[in-house]
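Have a look at the structure first, then read on.

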Amino acid sequence: MNQNKHEEQNEKHSQIKEYLDQICGQVKVKEVHNDLREELGSHLEEMIRDKKQEGYKPDEAAAYAVQQMGDPAELGKRMNKLHRHRMHWRLLAAVIMMGVIGMVLTWIYTNSSLGLGFDYSSTHLMYTSVGIMTMLFFIFFDYRKWIKWAWPIYILINVMLWITPMLAEAYGGSNRFLFLPFGISIDVTTSALWILPLAIGAIMMDRFRLVPSKQMICTYTALAALPMVLIYQISDWVRLSLFGFTALLLFGWVTRKWLYTVIAACSCGVAAVLIFLLTDEYRRFERLSVLFNLDNASKGEGYANNAIIDIVRTAGWWGNGITIPQNSPFRYYYLDFPGVMLVEVFGWSACVLLIVGIVWLVRTMIKMLPRIQETFGSIIVVSVTTVLALQLIYSAAAVTGIMPILSIRFPLIGYSSHVILEYAMIGLLLGVYRRKDTVLLSGSRTRNHTGERMILPR
């Protein structure tokens, strides 16, 4: 009798295994096979258990459950449509377009009558090419591996922040560049701005599963406060402000404690203003106050602002052409403010199109968030979108000439190695979107690409 029962159990398991094999054979993304087997198998086992209670034998109950689930080939095709990698082609096209704009502006600058040669174009082409290759790598990189390496990454970046003031020379009141052998330089604070929020989010998720508690809040505060202190020692107030805003927003997102977040933001803001006023050895406040008196500051600190205003005022709708005159008051600032060069060369119409494109790009990234159900993926979207949006908004607003001149380069368009990090983060964002339908297959429900819930048959 026991032998017959054992044989019936084996037959039941073989039926289920064969059925699940046929379903998974239709699903191209192999990384979801185990989740599908677990999810669909639990439904089969539940139906088998119900039928056994009605007096069915195990093999008969298994046959009934398989029959109720439907044709495995058809169900497998449905699962393949639901759980496959998806590329956000519109976002990718927008990023490539911005890269092309940056290359065109750099080419115009180096081929103008300024006599600068082709060094800038070739260097920017190298930066953009490396950035695009990095972006492609992160698109296909499994972003969940960040969780495993979160602590080493966090420690490494903080060590770099700590040693940079000892090794680097201050430039413009900040010593944020760490120079390595073979002519390699690392913008340490910019790297921290992009990478540390992801590392902190991964640490919190791995240790606390982002369940709000006093220990979780204290740990998050400590993890965010350490790099802020180190960035302050480097005297990079721009990156310090961006990092603080991103860390606070991410705290509110992962804890849903928005009241605490607002209180913390107000407290940090007041403390930052007091420290800024009391320790302003590089006259930053004086340079910012020039904005309120630009008419009487045509030289000195207000020179760049007045030059931008003059360029924008005289550009007209169609610009002044691709030849930049040698007597241009802004000739050595164009690479730092490519938006201003865009206005001078192509006019207000190009600026309007650029602003519309920036608004659309930011809106597209924000709209990704509700579609990302995996927790760490949503952390990446919040962090990357926040940092990129803040810099894009400032860069667009700087074209008016009434914004303070800060050390923020135009993302994806500006000239420098910063574009490599920006492309990498965009690649990480696209990688999260690519896997949005191949993670979190749990319970009896999953989501299709439109966000609708599909109840699996019972």
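Let's start in a loop: Lys 436 is found between α17 (418–434) and β3 (445–447). Helices here are DSSP runs of H or I with at least four residues, strands are E runs of at least two, and both are numbered from the N terminus. Lys 436 has a relative accessible area of 8%, so it counts as buried; the scale is buried under 20%, exposed over 50% and partly exposed in between, with a 1.4 Å probe and protein chains only. Its side chain makes a polar contact of 3.1 Å with the side chain of Asp 437. A polar contact is a pair of N or O atoms within 3.5 Å; within protein, one must be able to donate a hydrogen and the other to accept it, and residues adjacent in sequence count only if both atoms are side-chain atoms.

Before going further, some housekeeping: this is a predicted model, where local features need pLDDT of at least 70 and side-chain atom pairs count only at pLDDT 80 or more, while totals for chains, interfaces and linings use all residues. Residues are numbered from 1 along each chain as its sequence is written, and side-chain values use heavy atoms, with hydrogens and water left out.

The criterion is NZ of Lys or CZ of Arg within 6 Å of the ring centre and within 35 degrees of the ring normal.

| Charged residue | Ring | Distance to ring centre |
|---|---|---|
| Lys 436 | Tyr 433 | 5.3 Å |
| Arg 256 | Trp 253 | 4.1 Å |

Zooming out, the protein chain has 17 helices and 4 strands, and 49% of its 458 residues are buried. Contact means heavy atoms within 4.5 Å. Of the contacts with a separation of 6 or more, 71% are between residues 24 or more positions apart.

Now for the inside. The largest nonpolar core holds 104 residues, and Leu 161 and Phe 330 have the most contacts within it. Helix α8 (residues 188–208) gives the most to this core, with 14 residues. Apart from it there is another core of 20 residues, including Ile 23 and Met 69. A core is a set of buried Ala, Val, Leu, Ile, Met, Phe, Trp, Tyr and Cys residues joined through side-chain atoms within 4.5 Å.

Helix α7 (residues 150–167) is where Asn 158 is found. Asn 158 is buried, at 6% relative accessibility, and a polar atom of its side chain lies 2.7 Å from the backbone oxygen of Tyr 154. Tyr 154 is itself buried at 5%, whereas Trp 151 is partly exposed at 41%. Their ring centres are 5.9 Å apart with planes at 90°, so the pair is edge-to-face. Rings of Phe, Tyr and Trp (its six-membered ring) pair if their centres lie within 6.5 Å; planes under 30 degrees apart are stacked, over 60 edge-to-face and the rest tilted.

Arg 409, in the loop between α16 (375–397) and α17, is partly exposed at 30%. A polar atom of the Arg 409 side chain also lies 2.7 Å from the backbone oxygen of Tyr 415.
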